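This report goes through a few local features of one structure. Look at the sequence and the model first, then read on.

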Protein chains: 2
Amino acid sequence: MTNHTPLPKGFTAGGINCGVRRTRPDLGLIVSDYPCVAAGVFTLNTCTAAPVRYCQQLLPSHDIRALITNSGQANAATGKEGGEDNLTLVNATAAALNLEANQVLIASTGIIGYRMALDKIIPAISSLAQQLTNMAEKFALAILTTDLVPKTISKTIKLSSGEITITGICKGSGMIHPNMATMLGYFLTDAVLDAKQAQKFLKEATDVSFNMISVDNQMSTNDSSFLLANGSSKHALKNANDEKLFAETLTEMSKFLAKAIARDGEGATKLLEVQVHNAADQATARRLARAVTTSDLFKCAVYGSAAYWGRVLAVFGQQDISLDVIDKSTIHFQDYLVYPPLKSNHAKADLDASMKQENIVVKINLNDGKENATAWGCDMSEQYVKINADYGT
Amino acid sequence: MTNHTPLPKGFTAGGINCGVRRTRPDLGLIVSDYPCVAAGVFTLNTCTAAPVRYCQQLLPSHDIRALITNSGQANAATGKEGGEDNLTLVNATAAALNLEANQVLIASTGIIGYRMALDKIIPAISSLAQQLTNMAEKFALAILTTDLVPKTISKTIKLSSGEITITGICKGSGMIHPNMATMLGYFLTDAVLDAKQAQKFLKEATDVSFNMISVDNQMSTNDSSFLLANGSSKHALKNANDEKLFAETLTEMSKFLAKAIARDGEGATKLLEVQVHNAADQATARRLARAVTTSDLFKCAVYGSAAYWGRVLAVFGQQDISLDVIDKSTIHFQDYLVYPPLKSNHAKADLDASMKQENIVVKINLNDGKENATAWGCDMSEQYVKINADYGT
């Protein structure tokens, strides 16, 4: 592993194996030298995990100093004892770092329904705290479950008052993991933000990125995304241009990481991008784009490199797109028009060849309005079944 | 194949290969000697196939004499030409049988988006009409697509005025087939029914049977179920007891056929039954039961014989079941309590062994009201992916 993702000024991070998982890193820690303005967005699954409920009541905050994450156990569906375990872990982290408990955020990912192995996790925190660096990779590795690759990105942008850095880290083989085990996203910046800005930028970026990916249409109990701004660059967003630049950069980074999750979906061999153009309203555009990425049948066709547009049209119907709109719609696969079907077959060989590529783009034009949306997913292979039939048994 | 499913009095049926598919039967015909009261229920997919739209405008009727079904081509997403092809096929069937066009119902199932091979189908109708018998099997074979087995049932019941017979035939490897190619159901009876009764009984039976199964959560463009009553027994439903007996028998037969579809789901190795008990309202009971049967993750766990109840709880959360209700719920797998989890593990070996059976029953008790619902599905195996990656390419 090469370390190529720097953290913003004033942040350090690390990850180690504490013994919950056999050998892979399973405990990660981020620490800020300065109090952070912090925002979070969380799963809409009502069966939320203990760490999610904890962070929801703590945020927004302007005094966050650390964020701990364990992988292998989700601390979801663990009842009152799960809430107590979560608090014990937060308190132990605060103690190891000489912080107050309400300066520590937490996320967990892994198997649902089992008590946390605190006897393994807690003794490891002090040692982990000694091994922090200014690079993101070790933390990024420690939060993985069935992911094949760590997912990080860092950008430095020039605001009107000077340079700031944003670093993003995430995990997840989709909205859901083998055991519903979670998309986790972390954005760190040395910019000066207020809590309202942080929440707004994070929410907007999440809506067009993480909230538009799906591996298997199942909502996790633990999904969480965080934005921590420690202000160490001393550069605030002074005007509308700065705000726009920051928001666009955060959104672009979120999309990059979201696509990395979809591409690393369980058993995935291809990244699937579905664009809906010219819908009557935004909700329709989003709903249709996401529905196509979650159709098992279409995902199997993509895996088989089959340009089976009938399965896309059937999703139209299931999503209540009216026959009138269907009649005026067009569908392109890889820039080839597939619907309405051409009478001649002269482009068929080119289309078939293009479906073997690793990035599949479906472009739907409803010709019914002005709203657009893009969603990402992956194909479905036999490997998806294998992973999920074997997991946790 | 043994012929063991008799048709009610006054009905004949048959099936042949007309050349759309290589060798398997692909054209089926049902004829009644007498005009039938006929009811139909159809897919809610807005992208309905031409035969569905045709039947929707024709029904209810009291003058139906024949029903033709082709397999291999769905005649869906075929535009105006598809509607014309459908009419041509209906007219040719009527002509071959000396009937009026509005005495003929039609259903199609197969690949979406291709014009019908009328040059093969139409010349075969007269020959098919010569080969009808009073058994259901040949028709049942002709309407299959990826189904492995034909699905038929016949019951004779004693009304207050005398005996009547109901015969049911269906196809479908779930709500959806490899190419969205359809659940089709046919119920024939020699009882005397009026159109209102026929519609009511069919709707009620469908709601608790076909509408409660899922193979892959995708709604077909061609789903159709029919009830034809030709009155040849001369026995009507004379009182509330007769109505109850008829309705219960039809419902029981519908459930039998619906379970046969789920068990024959693409790649399925196990039948999955999910019961929800004591929900606050009927909609919640149905929604939750269906959602569990459509969770790819849980279906993979069932395939792997894993008693992974965490995946069921995560569905609770996705379906907006509140934490309060989750806290007072219980979940049984195969009569073993799995949630809340027992402290001791003494029954674990028995539970694990029972998960290897071919029928898996999940019993959810929400302890939140009085409404119950049951849904059926199947497990998900690598074979599901193989079938759908290869199909239609």
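## Helix contacts and local features

In chain B, helix 7 (residues 282–293) and helix 9 (residues 310–318) have axes that come within 10 Å and cross at roughly 135°. The model is a predicted one. Helix 7 of chain B and helix 9 of chain B are therefore oblique to each other. Helix 7 of chain B passes helix 9 of chain B in a right-handed crossing. On the side of helix 7 of chain B, the residues that meet the partner are Leu288(B), Ala291(B) and Val292(B); on the side of helix 9 of chain B, they are Val312(B), Val315(B) and Phe316(B). By class, the contact of helix 7 of chain B with helix 9 of chain B holds 6 nonpolar residues, no polar and no charged.

The crossing of helix 5 of chain B and helix 6 of chain B is right-handed. Helix 5 of chain B contributes Gln197(B), Phe201(B), Leu202(B) and Ala205(B) to the contact, and helix 6 of chain B contributes Glu243(B), Phe246(B), Ala247(B), Leu250(B), Thr251(B) and Ser254(B). The contact of helix 5 of chain B with helix 6 of chain B has 6 nonpolar, 3 polar and 1 charged residues.

In chain A, Leu288(A) lies in helix 7 (residues 282–293). Is Leu288(A) buried or exposed? Leu288(A) counts as buried, because its relative accessibility is 0%. Not counting residues up to four places away in sequence, Leu288(A) touches Val276(A), Val315(A), Phe316(A), Gln319(A), Ile321(A), Ile364(A) and Leu366(A). Glu243(A) is 45 residues from Leu288(A) along the chain, and the C-alpha atoms of the two are separated by 31 Å.

Some loop residues come next. Ser232(A) lies in the loop between strand 8 (224–229) and helix 6 (240–263) of chain A. With 16% relative accessibility, Ser232(A) counts as buried. Leaving aside neighbours within four places in sequence, Ser232(A) is in contact with Lys9(A), Gly10(A), Tyr34(A) and Asp190(A).

Most residues other than glycine have a negative phi, and most peptide bonds are trans. The table lists two residues with a positive phi and two cis peptide bonds.

| Item | Feature | Angle |
|---|---|---|
| Asn75(A) | positive phi | near 50° |
| Ser305(A) | positive phi | near 55° |
| Leu59(A) to Pro60(A) | cis peptide bond, omega | about 0° |
| Tyr339(B) to Pro340(B) | cis peptide bond, omega | near -5° |

Asn75(A) lies in the loop between strand 3 and helix 2 (79–96) of chain A, and counts as buried at 0% relative accessibility. Ser305(A) lies in the loop between helix 8 (296–303) and helix 9 (310–318) of chain A, and counts as buried at 17% relative accessibility. Pro60(A) is in the loop between helix 1 (50–58) and strand 3 (61–73) of chain A. Pro340(B) is in the loop between strand 11 (336–339) and helix 11 (348–354) of chain B.

Cys36(A) is buried, with a relative accessible area of 0%. Cys300(B) is in no disulfide either, and the nearest cysteine sulfur, that of Cys300(A), is 11 Å away. Cys300(B) counts as buried at 0% relative accessibility.

Notes. Residues numbered from 1 in each chain as written. Chains lettered and ligands numbered in written order. Predicted model: local features only at pLDDT ≥ 70, side-chain atom pairs only at ≥ 80, totals over all residues. Heavy atoms only, no water. Buried < 20%, exposed > 50% of the residue type's maximum accessible area, 1.4 Å probe, protein only. Disulfide = S-S within 2.5 Å. Axes fitted to C-alpha atoms, helices over the stretch in contact; angles between N-to-C directions. Helix = DSSP H or I, 4+ residues; strand = E, 2+ residues; numbered from the N terminus. Parallel < 35°, antiparallel > 145°, perpendicular 65-115°, else oblique. Left-handed = near helix turned anticlockwise from the far one by under 90°. Contact = heavy atoms within 4.5 Å. Nonpolar A, V, L, I, M, F, W, Y, C, P; charged D, E, K, R; others polar.
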